[in-house]
Amino acid sequence: MRVSSGVPGFDELVQGGLLPRRLYVVSGPPGSGKTTFSSQFITQGAKQGENCLYVTMHETKEELMQDMAGFDFGFDKAMQSDAVQFLNLVTESGKRTITQFGHEGGLTNRLVAFLDSNDIDRAVIDSTMLLQHFFSDANQEITGFLSALKQTDATILLISEMTDPTAYSDEHYLAHGVIFFHNYLESGGMTRGIQVIKMRGTAIDCDIRHISFSDRGLTVDPDTKLQG
């Protein structure tokens, strides 16, 4: 059984989709496509009638919808549906929502309880950089946070603002899979690509594949390899 990413062409790189109930890290520099990829992932879940959650610490729901307004893959409709819950952990409403799930154990226990109590099937957490806002000992507590997420029944995308695909951090070692976005300047302009660096239980070749953006959102060309 596989979970469709909702991104045209990507599922072909991972034997038909993501394995369910696992934690995947989506990394790359700013503007490389991480949020668009994650939004298509959430939209696909909503279309399939799954319970979805988008967690952020730096954008309102309205801002995120405005960011995706240039695409017509259905993100706005998904976000306004009963299938998707949005949680901004730094707003007062977000704090009230998450506090309902206990005061002990900090963010880790409360978010895991939220996922379990709401029977969340797929979730996006944006991002690891901003998680440091909640943790006094970032390295130790983030490790516990990721380990706890892996025990839930949700398929989770965790966005990571990593710019060097060889500079691995705790989340890359702990995750079941790592997807890296590349964007770099060449003589002809900006070149964009996606690379599956790690995917447990799935055969991958680790080549960088070409990606493009259109009204449909992000599309992967699984047959076109880029030179890294």
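A residue counts as buried when its relative accessible area is under 20%, as exposed when that area is over 50%, and as partly exposed in between, using a 1.4 Å probe and protein chains only. By that rule, buried residues make up 51% of the 228 residues in the chain. This is a predicted model: local features need pLDDT of at least 70, side-chain atom pairs count only at pLDDT 80 or more, and totals for chains, interfaces and linings use all residues. Residues are numbered from 1 along each chain as its sequence is written, and side-chain values use heavy atoms, with hydrogens and water left out.

Start with the whole chain. It holds eight helices and nine strands. Helices (H or I, at least four residues) and strands (E, at least two) are DSSP runs, numbered from the N terminus. The C-alpha trace spans about 50 × 35 × 35 Å along its principal axes. With 228 residues, a compact globule would have a radius of gyration near 17 Å, and the chain agrees at 17 Å. That radius is taken over C-alpha atoms, and the globule rule is 2.2 Å times the number of residues to the power 0.38. Contact means heavy atoms within 4.5 Å. Among contacts between residues at least 6 apart in sequence, 67% join residues at least 24 apart.

Now turn to helix α1, residues 34-47. Its 14 residues reach 20 Å from first C-alpha to last, close to the expected 20 Å. The expected span is 1.5 Å times one less than the number of residues. The helix is mostly covered, with twelve of its 14 residues buried. Among them are Lys-34, Thr-36, Phe-37 and Phe-41. Just after α1, Gly-49 takes a positive phi of about 75°.

Next comes the largest pocket. A pocket is an open set of points on a 1 Å grid over the protein atoms alone, with protein on both sides within 12 Å along at least five of seven lines; lining residues have an atom within 4 Å of a point. The lining has 19 residues, and Pro-30, Gly-31, Lys-34, Thr-35 and Glu-161 lie nearest the centre. The largest share, three residues, comes from α1.

Finish at Phe-213, in strand β8 (residues 208-214). Phe-213 is partly exposed, because its relative accessible area is 31%. Beyond neighbours within four places in sequence, Phe-213 is in contact with Ser-32, Gly-33, Thr-36, Phe-71, Arg-192 and Leu-218. Thr-36 is also one of the buried residues of α1.

Terms used
On a 1 Å grid over the protein atoms alone, a cavity is a set of points where a 1.4 Å probe fits but cannot get out, and a pocket is an open set with protein on both sides within 12 Å along at least five of seven lines; lining residues have an atom within 4 Å of a point.
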